[in-house]
Amino acid sequence: MKQKGFWKKKSDVNAEGIDGYDWDESQPKWPLTRILKWVGAILSAVVWILVLWRIFSGTNAEFEHLILLDAKAAEKYPAVDQTVVRIYSENSGDETAETPLVDYPVYLDSAENLQLTLRINRRTFPEETGKAGYRFILRRSGEGGTFYHGLSYFSEDDSFQYRFYRLCFNGVPWEEGSVYTLLVFPGDYEEDEENLYPASKALFTYTVKNEGTYIKEITPKESEYEIYSK
């Protein structure tokens with residue numbers, strides 16, 4: 001009688017059985033540790049997608065760095081080596097996706113024109129009444145007193161839940177020691193005879209320039225200029 005061999009032939013399947021389980025039948029193919037690793041990886045990917053979406057949905061670089069010219073300003077700009085004053089306003093440190101954000105303030109000296117881009121989250125600050133949805137005022141305070149400049153012209157662009165305004169104020173003199181502040185009021189706001197535009201009634205205020213603000217003359221690219229056509 002032929003004696004059976006003591007050693008069995010080694011299987012070609014190294015890690016798993018044919019039925020999808022490890023050799024230890026009590027150990028499933030997808031143990032808890034592996035499931036947790038996959039769940040962690042998926043959650044991490046979702047978080048990164050949300051972060052990137054918030055970053056890119058809240059920016060509109062081409063529009064934000066636009067220099068908008070009305071007929072008067074277009075007579076002066078752009079010209080060869082024509083410079084503008086770039087105002088590097090200080091951030092308050094509490095800007096979030098919900099709060100308004102000011103970007104790229106510039107001053108066109110030859111046209112006495114100060115302009116900037118304002119980003120508004122329409123979910124947090126629903127659009128009000130009026131031509132632009134809000135009332136925009138530039139306050140200039142210095143040794144000569146306090147003066148208010150109304151919005152001269154503007155352009156707007158939408159991106160996701162954000163609305164971007166390029167706000168332009170004409171007839172604004174440049175005074176080194178003065179403080180320039182943007183005030184945003186509801187669109188139906190009517191000025192008070194005694195206190196025309198109190199900051200306490202504004203939806204949003206922003207210091208565009210004060211004595212400590214860093215400024216620099218720059219030469220914008222010709223592609224940054226656009227003629228106001230409305």
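The legends below describe close-up views of a predicted model.

Residues are numbered from 1 along each chain as its sequence is written, and side-chain values use heavy atoms, with hydrogens and water left out. In this predicted model, local features need pLDDT of at least 70 and side-chain atom pairs count only at pLDDT 80 or more, while totals for chains, interfaces and linings use all residues.

**View A. An open sheet of six strands with antiparallel pairing.**
The strand order is β7-β8-β4-β3-β2-β11. At the edges are β7 (153-159) and β11 (214-218), each of which pairs on one side only. On average, neighbouring strands of the sheet are turned by 20° against each other, direction ignored; axes are lines fitted to C-alpha atoms, for helices over the stretch in contact, and angles run from 0 to 180 degrees between N-to-C directions. Helices (H or I, at least four residues) and strands (E, at least two) are DSSP runs, numbered from the N terminus. Two strands pair if DSSP finds at least two bridges between them.

**View B. Strand β4 and its two partners, β3 and β8.**
Strand β4 (residues 113-121) runs antiparallel to β8 (residues 162-170), and nine bridges join the two. Q115 has C168 of β8 as its bridge partner, and N121 has Y162 of β8. Six bridges join β4 to β3, again in antiparallel fashion, and here Y107 is partnered by L114 of β4. Nine of the nine residues of β4 are buried, so the strand is largely enclosed by the rest of the structure. Buried means under 20% relative accessible area, exposed over 50%, and partly exposed in between (1.4 Å probe, protein chains only). Both faces are covered: N113, Q115, T117, R119 and N121 lie on one side, and L114, L116, L118 and I120 on the other.

E112, in the loop between β3 and β4, has a phi near 50°, a positive value in a residue other than glycine. E112 is partly exposed, with a relative accessible area of 34%.

**View D. A tilted ring pair, Y107 and W174.**
The model has 14 aromatic pairs; rings of Phe, Tyr and Trp (its six-membered ring) pair if their centres lie within 6.5 Å, with planes under 30 degrees apart counted as stacked, over 60 as edge-to-face and the rest as tilted. The ring centres of Y107 and W174 are 4.9 Å apart and their planes are at 35°, so this pair is tilted. Y107 lies in β3 (residues 101-108) and W174 in the loop between β8 and β9 (179-186), so the pair ties together parts that are 67 residues apart in sequence. Y107 is buried, at 1% relative accessible area, whereas W174 is partly exposed at 21%. The charged end of K209 sits over the ring of W174, 5.1 Å from its centre. A charge sits over a ring if NZ of Lys or CZ of Arg is within 6 Å of the ring centre and within 35 degrees of the ring normal.

**View E. An aromatic cluster of Y134, F136, F154 and Y165.**
Y134 lies in β5 (residues 134-142) and Y165 in β8, so the pair ties together parts that are 31 residues apart in sequence. Both Y134 and Y165 are buried.

**View F. The largest nonpolar core, with 24 residues.**
A nonpolar core is a set of buried Ala, Val, Leu, Ile, Met, Phe, Trp, Tyr and Cys residues joined through side-chain atoms within 4.5 Å. L118, F136, Y165, L167 and L182 touch the most other members. Two or more residues come from each of β2 (84-88), β3, β4, β5, β8, β9 and β10 (204-209), and β4 gives the largest share, four residues. Not counting residues up to four places away in sequence, L182 touches, among others, V102, L116, L118, I137 and F204, where contact means heavy atoms within 4.5 Å.

**View G. The cis peptide bond from Y77 to P78.**
Omega of this bond is near -15°. P78 is found in the loop between α3 (71-74) and β2. Y77 is included in a second, separate core of eleven residues, as are I67, A73 and A111.
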